[in-house]
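Trainee: Could you take one part of this model and walk me through it closely? I'd like the strand pairing and then the charged contacts.

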Amino acid sequence: MNAGTRLASFALVLVAMLSIGAGLGATIGPSLDRVVEAPPPIGEGVVAAANGYRFVPSSTALGPMGGPFQFTITNQDGEPVREFTKTHEKELHLIVVNRELTVFEHVHPVRDAAGTWSIDLPALAPGSYRAIADFWITDGPHLALGTDLTVAGHFAPDTTPGPNDVDHVDGYTVALRTERHDGGEITAKLLVVQERLPVTDLEPYLGADGHLVAIRTGDLAYAHVHPVDENAPNGIVTFDATLNSAGRYRLFFDFKHHGVVHTAAFTFDQSAVTGSPAMEH
């Protein structure tokens, strides 16, 4: 079966079986949804410090073969924070992306008794990266703080892919359809297909049917989006979101099936939206 036939079959499945609408080319724009366990992050991963808390890496240089990465979250007194409240089953979510947003890692470091977080990162190509720590201080704010990292070596500049609403990953086809509402609000629906059939048995990943991470090109502002429904009806994972600033974004969709987590990636452009110039979540 050639690529055109596969896409045509997929479109028929999308329209006839699931009735979420024909055509996958709507302009889209993500942001954060309603987070049940905590108030939303306010740092957006752009700055290293907010509300007196700071993301302090032990080193900003990473080896090309991967390996240990350590950091602390310090408080207003410069002391490591040791009390965190879990959000979606983890005390801290760490996102690592390159400047072009073609590399994406969503990992979960381990904290020791002294408050130092550690994670073994995979091998990364030489270049400039941003690490974003998303966490909730117990009896304090929910923050997303970022720091720049570098991987030494010969750097071959990459380019951010152009807009797309279908991605193919690990034998799955993932389609994105969005509906635009007033005020920059967006309803985004993601459908996972395998062998031309919708995957209706997605497994919970971090307490949800899927997760979206939206990152804006340029400043790498960050938003973490969670599904509207606890169970994805007909295999469709739906997100309500608001994006209040124009620009190009990368949207990474994590989903779990047969015990394995996969990530589909999309690029989209948001036109001018009336309201705050910041990404709301």
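Mentor: Let's start with a facing pair: R216 sits opposite Y249 of β18. Before going on, this is a predicted model, where local features need pLDDT of at least 70, side-chain atom pairs count only at pLDDT 80 or more, and totals for chains, interfaces and linings use all residues. Numbering runs from 1 along each chain as its sequence is written, and side-chain values use heavy atoms, with hydrogens and water left out.

Strands here are DSSP runs of E, at least two residues, numbered from the N terminus; two of them pair if DSSP finds at least two bridges between them. Strand β15 (residues 211–216) runs antiparallel to β18, with 6 bridges joining them. β18 also pairs with strand β19 (residues 260–270), again antiparallel, over 11 bridges; there D254 has T263 as its bridge partner. That hairpin has 2 residues between the strands, and H258 takes a positive phi near 55°. As for cover, 8 of the 11 residues in β18 (residues 247–257) are buried (under 20% relative accessible area, with a 1.4 Å probe and protein chains only; exposed is over 50%, partly exposed in between).

Now the charges. The structure has 6 salt bridges, each a side-chain nitrogen of Lys or Arg within 4 Å of a carboxyl oxygen of Asp or Glu. One of them joins R99 and D148, with the closest N and O atoms 3.7 Å apart. R99 is in the loop between β5 and β6 (104–107) and D148 in strand β10 (residues 142–151), 49 residues apart. R99 is partly exposed at 30% relative accessibility, and D148 likewise counts as partly exposed at 39%. R130 joins R99 and D148 in a salt-bridge network.

Definitions and conventions. Helices (H or I, at least four residues) and strands (E, at least two) are DSSP runs, numbered from the N terminus.
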